Every structure is written in structure tokens, then in C-alpha cells.
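Work through the exercises below with the sequence and the coordinates at hand. Each task is followed by its solution in steps.

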Amino acid sequence: MWSIWYDEKYQYYFGGEWRRDFSLADNDNSPCRHEFAVLNDDNELIGFIGYNVDSELRIAQRFGAINFSDDKLSFGKALFQVIEDCFLKFGLEVVEWCVVCGNPIEHSYDKMCNKYGGHIVGIKHRRAKDMAGNPCDFKIYEILRENFLKQLEGEK
């Protein structure tokens with residue numbers, strides 16, 4: 001993680017001054033935080049996915065997803081599996097995430113959200129910075145459990 005902190009390719013993940021060291025939570029003993037290393041078919045580390053769980057409201061939120069590789073297919077499958085697990089395995093009601101506007105993944109998130117019955121909640125202005133210090137906006141997404149299940153059933 002340290003080696004990419006100031007890499008322009010990853011500027012939208014860090015969103016300005018925010019930095020933290022990489023360590024996986026103990027998912028068994030920390031029910032509020034779920035974190036996963038993403039491996040490809042050759043068992044190589046290609047990314048990280050993590051999120052918080054509000055157990056009272058049954059919401060997955062504060063997602064962090066970063067792909068260290070160009071393997072978009074494997075990473076996309078892992079991200080979908082995490083979202084599917086939120087609804088099917090953990091019985092959560094809402095999955096919520098955001099992206100810094102301008103991030104190349106933004107278009108893919110728009111398509112994924114649309115495909116699985118989600119929607120764009122809104123835009124928060126000036127919530128991040130690019131490497132040059134220019135303010136950037138956040139786009140917020142959510143998918144409700146019933147909409148996800150309806151779309152998933154329609155695929156079968």
C-alpha cells in the first residue's frame with residue numbers, strides 16, 4: 001500500500017490526504033469490519049476489498065476497493081461476490097458505496113448499479129482532492145436487498 005500512496009493511478013482511492021496502512025481485520029472477531037485480500041487464479045494478490053457493517057440497520061457501507069493489477073475480470077468477480085454475500089450470506093438490507101468523480105471505475109459502477117437495481121443517491125461536492133490538490137466530488141450509490149434479489153433472479 002505504501003508504494004502506491006502517491007501514485008497518480010491510485011489518487012482517486014486515497015482522495016487527497018487520507019492514508020492508512022494496509023492490514024486485514026480479523027473478520028471473525030471484528031463483526032463491524034469485513035476485509036479481504038483479492039487473489040487471481042494464480043493465487044497472486046491483485047487487490048483489497050473492505051467495508052463496515054451497521055448491524056442494527058443491516059447496512060454495508062464505507063467500502064474500500066482497490067485493484068493493484070490490470071486484471072479487471074478477476075477483481076470484478078471478487079467485488080460482485082462480496083456484494084452478493086452481503087445480501088445472501090449476511091442478510092444485509094442495503095449496500096452503499098461511493099466513488100470519487102473522475103475515477104476511471106465510475107462508469108463501471110454506474111453500469112453495475114443499474115444492472116442490479118441500485119441507484120445513484122447523489123453527489124457530495126468537494127469531498128476529495130486529486131494529486132494536484134484540486135477539489136473533487138463524491139458520487140454515492142446504494143442497492144437495496146429486494147432490488148438486488150429481483151435482478152439476480154431475472155438473470156437465471
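**Exercise 1: a pocket lining**

Task: state which element gives the largest share of the lining of the second largest pocket, and describe this pocket.

Solution. Strand E1 supplies the largest share of that lining, with five residues. Helices (H or I, at least four residues) and strands (E, at least two) are DSSP runs numbered from the N terminus. The model is predicted: local features need pLDDT of at least 70, side-chain atom pairs count only at pLDDT 80 or more, and totals for chains, interfaces and linings use all residues. Residues are numbered from 1 along each chain as its sequence is written, and side-chain values use heavy atoms, with hydrogens and water left out.

Step 1. On a 1 Å grid over the protein atoms alone, a pocket is an open set of points where a 1.4 Å probe fits, with protein on both sides within 12 Å along at least five of seven lines; lining residues have an atom within 4 Å of a point.

Step 2. The lining has 13 residues, and Phe36, Ala78, Gln81, Val82 and Asp85 lie nearest the centre. E1 and helix H2 (72–88) are the elements that give two or more residues to it.

Step 3. By class, the lining holds eight nonpolar, three polar and two charged residues.

**Exercise 2: the sheet**

Task: give the strand order of the sheet and trace the partners of phenylalanine 48.

Solution. Step 1. The order in this open sheet of six strands is E1-E2-E3-E4-E6-E5, with mixed pairing. Two strands pair if DSSP finds at least two bridges between them. Strand E1 (33–39) and strand E5 (119–129) are the edges, each pairing on one side only.

Step 2. E2 (residues 45–54) pairs with E3 (residues 59–67) in the antiparallel sense over seven bridges. E1 and E2 are also joined in the antiparallel sense, over seven bridges.

Step 3. Phenylalanine 48 in E2 stands opposite alanine 37, and its bridge partner in E3 is isoleucine 66.

Step 4. Five residues lie between the strands in the hairpin of E1 and E2, where asparagine 43 takes a positive phi near 65°.

**Exercise 3: a loop residue**

Task: locate asparagine 103 and decide whether it counts as buried or exposed.

Solution. Step 1. Asparagine 103 sits in the loop between E4 and H3.

Step 2. Asparagine 103 counts as buried because its relative accessibility is 18%; buried means under 20% relative accessible area (1.4 Å probe, protein chains only).

Step 3. Asparagine 103 and phenylalanine 138 are 35 residues apart in sequence, with their C-alpha atoms 9.9 Å apart in space.

Note on methods. Nonpolar A, V, L, I, M, F, W, Y, C, P; charged D, E, K, R; others polar. Buried < 20%, exposed > 50% of the residue type's maximum accessible area, 1.4 Å probe, protein only.
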